[in-house]
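Have a look at the model first, then read on.

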Amino acid sequence: MTNPPPPGNWSDPTWSAQPSSPAPDPTVVAGQPVPAQPGPVDPYAPAPYAPAPYAPDPYAPVDPYAGAKQPATQPMPGYAPPGYPPQYPGYGYPQPPKTNGLAIAAFVLALIGFTSCITAPIGAILGHVAQKQIRLSGEGGAGMAKAAIIVGWILTGFLVLVIAIYAAAIIYAIATSDNSSSSY
């Protein structure tokens, strides 16, 4: 059973009537069937119209698996030698400069000065010498040399302060001691 058409000239979207004709076939356009869509193209398929070469191309790559086996020491013609290619300049990270050995020794001696206090001034002096060598040769290790100078002179200052306090304590003890000798 169908509903009656809506009254008046306006159309009601909720009104439904039986279709007067069947739905059109989507595969037929203007009475002619629509051709099927082309399938995926294989990019590696050979071209059917490629002309046959008259002479072999001298610049074509050589198949390394065809023919006789060559010794492993010689690269195959047309191919690069085995292994990694050489690094081109300007690509990748630059190689860091060699670290100055005296800067390393100065830094180690300055750090050992935390426990021994004797090696701290030696580390500071070696740090100054290492800085001069680094300026002249362009080697790396300027930061270690500067750290050795700073740590070495700070620890040397503490060492001098401790020695001065001990010396003052000894002088004070001698000055306030009783010089009268008692006889038994």
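What follows covers two helix pairs, one after the other.

Keep in mind that this is a predicted model. H2 takes part in both pairs: its axis comes within 7 Å of that of H1, and H2 and H3 likewise have axes that come within 7 Å.

**H1 with H2**
- Helix H1 spans residues 101-116, and its axis crosses that of H2 at roughly 160°.
- With the cut-off for roughly antiparallel at over 145 degrees, H1 and H2 are therefore roughly antiparallel to each other.
- The crossing of H1 past H2 is left-handed.
- On the H1 side, the contact is made by Leu102, Ala103, Ala106, Leu109, Ala110, Ile112, Gly113 and Ser116.
- H2 brings Thr119, Ala120, Ile122, Gly123, Leu126, Gly127, Val129, Ala130, Gln133 and Ile134 to that contact.
- Sorted by class, the H1 and H2 contact has twelve nonpolar residues, six polar ones and no charged ones.

**H2 with H3**
- Here helix H2 (residues 119-137) meets helix H3 (residues 142-175), with the axes crossing at roughly 150°.
- That angle also makes the pair H2 and H3 roughly antiparallel.
- H2 goes past H3 in a left-handed crossing.
- H2 residues in this contact include Pro121, Ala124, Ile125, His128 and Gln131.
- From H3 come, among them, Ala145, Lys146, Ile149, Trp153 and Leu155.
- The class count for H2 with H3 is twelve nonpolar, six polar and one charged.

Conventions:
Residues numbered from 1 in each chain as written. Predicted model: local features only at pLDDT ≥ 70, side-chain atom pairs only at ≥ 80, totals over all residues. Heavy atoms only, no water. Axes fitted to C-alpha atoms, helices over the stretch in contact; angles between N-to-C directions. Helix = DSSP H or I, 4+ residues; strand = E, 2+ residues; numbered from the N terminus. Parallel < 35°, antiparallel > 145°, perpendicular 65-115°, else oblique. Left-handed = near helix turned anticlockwise from the far one by under 90°. Contact = heavy atoms within 4.5 Å. Nonpolar A, V, L, I, M, F, W, Y, C, P; charged D, E, K, R; others polar.
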